Amino acid sequence: MEPQNPTTSPAKLQYTPPGSPYIPLITRSPRPIFLTPLFPSDAQAMTDVMADPAVNLALISPPTPYTLANAEWFIQFSLGGNADLPLCSLRVGSPDASGELIGGCALVPKDITAFESILKAVSEPSSESKDAEEKDRSCSLGYWLSTKYRGLGIMKPAVAALIPWGRQHCDVTTVKVRVLETNIPSRSIITSFPQFILQDGFAMEQWPESKGGGQKKAFDWIWEA
């Protein structure tokens with residue numbers, strides 16, 4: 001049976017018994033896929049995926065070579081409220097820590113301090129999230145996926161679930177994504193959403209020498225409120 005179109009069927013935010021948020025995704029994977037937070041136990045799985053050149057070399061930020069220490073540092077940094085908004089991981093099998101981390105789909109705030117009261121309300125639903133002060137709640141979108149799980153229609157429903165969640169639960173306003181000209185699969189995901197508007201011109205990204213160096217042409221899209 002053809003899977004339901006995730007762009008027309010809103011994904012529902014749910015919670016594990018201990019209270020961890022997650023969204024089940026409709027994909028072509030034979031095993032269930034979830035958008036979840038990171039867990040401290042994800043370090044080895046993150047290392048295994050990020051050490052794959054097909055993943056690592058396509059991303060500008062992760063170190064090369066990628067080690068367990070790199071994963072442990074990033075997870076600690078993220079769980080400390082210094083990086084992504086809470087729903088940022090793609091997991092197979094189960095939405096809790098027993099599920100296997102296979103990728104990421106995250107909203108990265110331009111100014112993390114603009115989300116402090118909102119993130120407290122996300123982790124503590126009884127907390128008040130209103131903030132009278134006008135703040136910059138724009139984010140960048142980033143994603144990556146294990147090569148073992150590509151071709152299963154995972155990333156598009158992940159993006160389709162993540163951005164509405166960010167807007168509804170975290171007051172995200174503008175979402176920007178930058179994609180390399182040569183990354184055709186990633187561009188096809190972004191251009192499948194009419195809400196993403198291609199910006200004029202292009203950017204030249206200086207790629208790390210450890211990843212081959214040189215400049216790479218990239219395009220920007222913006223999803224606005």
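Accessible areas here come from the Shrake-Rupley method with a 1.4 Å probe, and for residues only the protein chains shown count as cover. This is a predicted model, in which local features need pLDDT of at least 70, side-chain atom pairs count only at pLDDT 80 or more, and totals for chains, interfaces and linings use all residues. Residues are numbered from 1 along each chain as its sequence is written, and side-chain values use heavy atoms, with hydrogens and water left out.

Begin by selecting the whole protein chain. The chain exposes about 11,800 Å², of which carbon and sulfur atoms supply 53%. Of its 225 residues, 45% count as buried (under 20% relative accessible area; exposed is over 50%, partly exposed in between, with a 1.4 Å probe and protein chains only).

Next, colour by secondary structure. The chain has six helices and 10 strands, which are DSSP runs numbered from the N terminus (helices H or I, at least four residues; strands E, at least two).

Now select Thr-27, in the loop between strand E2 (21-25) and strand E3 (33-36). Thr-27 is buried, at 13% relative accessibility. A polar atom of the Thr-27 side chain lies 3.0 Å from the backbone nitrogen of Ser-29.

How many disulfides does the structure hold? There are zero, a disulfide being a pair of cysteine sulfur atoms within 2.5 Å. The cysteine sulfur closest to that of Cys-139 belongs to Cys-170 and is 7.9 Å away, too far for a bond. Cys-139 is buried at 4% relative accessibility, and Cys-170 is buried with a relative accessible area of 0%.

How values were computed. Polar contact = N/O pair within 3.5 Å; in protein donor to acceptor, adjacent residues only side chain to side chain.
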